[in-house]
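User: I would like to go through this two-chain model by question and answer. Please start with the terms needed for the sheets.

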Amino acid sequence: MTDARRVLITGIAGRLAGQLARALEQRDDILEIVGVDVREPQHDLRRTEFVRADVRNPLVGRVIEASAIDTVVHLSTVATPRAAGGRSRMKESNVIGAMQLLAACQQAPTVERFVLKSSAAVYGSAHTDPVSFRERSVPDATPRQGYGQDVAEIEGYVRAFGRRRKDVDVTILRFANFLGGQADGAFQSLFNLPVVPSVLGFDPRLQFVHEDDAVQVLERVTSGDHPGIYNVAGDGVLYLSQCIRLAGRVAAPVPLPFVSAVASGVRRSGRADVTMDQLRFLQFGRVVDTTRMRTRLGIEPRYSTRQAFEDFVRRRRVRGVVAREEVVRWERELYDFLQRKGQDRFLHAQRDGG
Amino acid sequence: MMEQHAEVISMAEQRAARDARDSGATRDGVSDRPRCQASTAADRPCRNYATDGPLCRVHAVQQGERPTPSDASPPDEGPVEHARRQGRDDAAAPAGGGSGDPAGAGSRAGSGDDGSSDATAGDAYERIAEEVRRRGWRMAIDGLAALDAVDSDALAEELSTLAGFLRRRLTGDYDIDDFGFDEDLTTNLLMPLVRPLHRHYWRVASHGVEHLPADGGGLVVANHAGTLPLDAIITRLDIFDQTGRHARELGADLVFRTPFIGEWARKTGATLASGNDADRLLTAGELVAVWPEGFKGLGKPWKDRYKLQRFGRGGFVATALRAQVPIVPTAIVGSEEIYPMIYDLRLLARALGVPYFPIVAQMFAVPVFGPLALLPLPSKWVIEYGEPIDTTAFGPEAADDPMTVFDLTDRVRDTIQNMLHRNLMGRRSVFL
């Protein structure tokens, strides 16, 4: 296996893909980077060649052959129906696209490595979930709709591809929710609403991964030899209620029987893309175990879950109803007042005594 | 003084007086005794026998009543001290020492004459006046001022602690662990709310705290009863108050499916009773509490009280063996009586998808007392932590040996059943 790599990145117009391409451009051991997407990438890329094509297009196969690509990084999975223009088109682009890409890779003898950006959504969300999912743990109920189902199916095809082409190293990265980028945008769009909807009586445990850490992980597995499945997430866990408080927003708890009605109302209003599979996530949440990422990949996330969220709040200028500084100021004023009172009393006693 | 009152108004004496009157004072020796000269509040002649001269014991005491404490306070005493002293009971305040029974006798002392003074109270005033002359009021005032200052400092401290807590909750500035355990919320808000139940309502007495491991992993195994899992909450609080450790409960999956209950269970550190989660907690050196009877124990009928149900499938023993931590058998007495379950509406329970639908004794009192009747009964609780069972003797591989697991499960179950019997024999009554 050669050290010099020729890399194909699908979905190059995506934010994460753009950052990965830029990180790879810095490296000397990456000879060539080809980006494929239907949209023109807006990032400032120098060495990366851009090919405007859909992954379902046979052109991709020809590009792989012509550039003697040895590493394929598949990042073009779409998380929300709106980004793809409807659920059926999302499914087609996600699942059929991955199948076509894998078919092209199987034909290409030069391909040695396949990296799939998957999602922790494959584990689903249920009340019987373990406290954190390990890579090998099988959930009681695999997701049967939406993004979770898509990524589960894509993972199945990628594993089958790995079995057929034993010489290809397959790496599957299951990312926790991203914040900041366009990927997995369904959750963060909740914070675009005036109040953040939640399910009454439920408080999901959430985990986030910062983009910088995601790029770091992707760069590591693209340039090195790390076959296998890895969960990627920041340290620590946040409750949704805690996120809402950290952002200074107000929660709008919706009773369980009305949740789907409210969700479709929100979806129709076009301000947030709340899908049905998200609703279970809003009830039970999901936490993954990242021990394997640390030990095998040697990655220490720079951002914890909370730091990732706070960074998101800062960058997106999520406007809080309850300003954090205000609350801190109230507390300090009360404290000062009490201190002053105590001092007054002390001085008073001194004066009286003396 | 109180005893005298009780004697006078006792039933026996009243009956004797009535008998004497009904029999027309013909009995010898009885009719000779003189009656009390005073008249009652209803202006009828008092029927008691005279003891102190012409008066009976009730009227003798009433007319000799001392002035109330407010009249008796020294003229140069500040209003603060006065208020403080009045607030205290009479034993603490020397000046009010003789003027006991303020509610009972004081209200009846309408015709008390000021001239007659009680000897002991007068002595006390004399002594206080003497001391004041010698040392002045300075010291007492200083002491009270200091007390006041300390009191307000504590109040200020409390206030700023509370403000800190509110600030953390409002801005989300607190940490939870992977299990979702919110320690800040649990120790600062929820446990103080439950503590009165533990201390004053069920008056929990706990024995054998030394058997709980001071550090490292441990598995507390206890009996489950009482229709609602309040015993888990109380035991958890008891362990925390005794050892300062949070015992992490393992709950059934129904708990985590139910709105609010699941949320709060997670926030207080409970997690799903699955081998995976329990292993993680125990290997992390946490104290874990489990109620292996589950719903079978909680929803058992009244006639089966304190009869341990099947202990699951012994999964908790296998977990303890894998993690090589001691098992602490724990017996809770008193939890059975909080909601005596008379009947289980099985059909309704099945329709609702819950393990049982209880008809508890309190429900029959609802027409009389309203919803207040549904409060749990204030039984007296005893929690006993038994001798820990060492699992290191069996080795971790014993977790895969079903015979060892079954034996150990039976041993734990028998231990708890014996402890239950012993504590049941030892208790005086259900409520005291």
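Analyst: Two strands pair if DSSP finds at least two bridges between them. Strands (E, at least two residues) and helices (H or I, at least four) are DSSP runs numbered from the N terminus. This is a predicted model, in which local features need pLDDT of at least 70, side-chain atom pairs count only at pLDDT 80 or more, and totals for chains, interfaces and linings use all residues. Residues are numbered from 1 along each chain as its sequence is written, while chains are lettered from A and ligands numbered from 1 in the order in which they are written.

User: What is the order of the open sheet of 7 strands in chain A?

Analyst: The pairing in this sheet is parallel. E3 (49-52) and E11 (228-232) of chain A each have a single partner strand, so one side of each lacks a neighbour in the sheet. The order is E3-E2-E1-E4-E5-E6-E11.

User: How many bridges join E5 and E6 of chain A?

Analyst: E5(A) covers residues 113-119 and E6(A) residues 169-175, and the two run parallel. A:Arg113 has A:Asp169 as its bridge partner in E6(A). The number of bridges is 7.

User: What angle does the direction of helix H2 of chain A make with that of E2(A)?

Analyst: Angles run from 0 to 180 degrees between N-to-C directions, and axes are lines fitted to C-alpha atoms, for helices over the stretch in contact. Contact between two residues is counted when their C-beta atoms, placed from the backbone, lie within 7 Å. H2(A), residues 59-66, packs on the sheet and touches E1, E2 and E3 of chain A. Its direction makes about 175° with that of E2(A).

User: Which strands stand at the edges of the open sheet in chain B?

Analyst: This sheet has 7 strands with mixed pairing, in the order E1-E9-E6-E2-E5-E3-E4. An edge strand here pairs on one side only. The edge strands are E1 (205-207) and E4 of chain B.

User: Which strand pairs with E3(B) over 3 bridges?

Analyst: E3(B) pairs in the parallel sense with E4(B), residues 271-272, over 2 bridges, and there B:Leu250 stands opposite B:Thr271. On another pairing, B:Ala247 has B:Leu287 as its bridge partner. The strand with 3 bridges to E3(B), also parallel, is E5(B), residues 287-290.

User: Why is E3(B) largely enclosed by the rest of the structure?

Analyst: A residue is buried if 20 or more other C-beta atoms lie within 10 Å of its own, exposed if 12 or fewer, and partly exposed in between, with C-beta atoms placed from the backbone. In a regular strand the side chains alternate between the two faces of the sheet. Here B:Ala247, B:Glu249 and B:Gly251 are buried on one side, and B:Arg248 and B:Leu250 on the other. E3(B) is therefore largely enclosed, the buried residues being 5 of the 5.

User: Which element gives the most residues to the side of chain B that touches chain A?

Analyst: In this interface, 30 residues of chain B are in contact with 29 residues of chain A. The elements giving two or more residues on the chain B side are H8 (138-171), H11 (253-257), H12 (261-267), E4 and H13 (275-283). With 12 residues, the one that gives the most is H8(B).

User: What is the mean pLDDT of chain B?

Analyst: pLDDT is the predictor's confidence in each residue, from 0 to 100. In chain B, 74% of residues reach 70 or more, but over residues 65-117 the pLDDT is below 50. The mean for chain B is 79.
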